[in-house]
Amino acid sequence: MQNPPAATIADTEAGYMYTLRSNDKDPYIVTTLADQRLVRMQLILDLDKSVEPKDLKNPDRQLLVLQDSLLRTIRSCRSEDLSAEKQAAFKQRISDTVTQVLGKRALRAVYLTGVTIQ
């Protein structure tokens, strides 16, 4: 069964790639997990284009709330929640957080790369 034309067009449109980061120069977030272990990860969200802020240097309130919510979600995780076997469940937790803040249609994909736990 083929997708309707509107769905095909929506899938190919570019979204807004949001990276949760510690600062402007480092594309990683570094924080402490619930079990007091340190994690360094790159978390990238493919968001709907409508979420993109008008001024990328000064994010709007919505993205600041998203950043805070994502940090709280990550900090509530334990190191075993980020294991390779459980990454799908972790991504689902991130997806649920984004949906609570931005709404159902805002998130297109979650990418998790470069996870290091100490």
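I started with Asp-46 and found it in strand 3. Strands here are DSSP runs of E, at least two residues, helices are runs of H or I, at least four, and both are numbered from the N terminus. This is a predicted model, where local features need pLDDT of at least 70, side-chain atom pairs count only at pLDDT 80 or more, and totals for chains, interfaces and linings use all residues. Residues are numbered from 1 along each chain as its sequence is written, and side-chain values use heavy atoms, with hydrogens and water left out.

Is Asp-46 buried or exposed? I noted it as buried, because its relative accessibility is 10% (buried is under 20% relative accessible area, exposed over 50%, partly exposed in between; 1.4 Å probe, protein chains only). Then I listed its contacts (heavy atoms within 4.5 Å). Setting aside neighbours within four places in sequence, Asp-46 meets Gly-15, Tyr-16 and Met-17, plus Ala-106, Leu-107, Arg-108, Ala-109 and Tyr-111.

Next I went to Pro-53, in the loop between strand 3 (38-47) and helix 2 (61-75). Pro-53 has 7% relative accessibility, so I put it down as buried. Beyond residues up to four places away in sequence, Pro-53 touches Tyr-16, Pro-59, Asp-60 and Leu-63. I also took the C-alpha separation of Pro-53 and Leu-63: 8.1 Å, with the two 10 residues apart along the chain.

Last, I checked pLDDT (the predictor's confidence in each residue, from 0 to 100). The protein chain averages 86, and 88% of the residues score at least 70.
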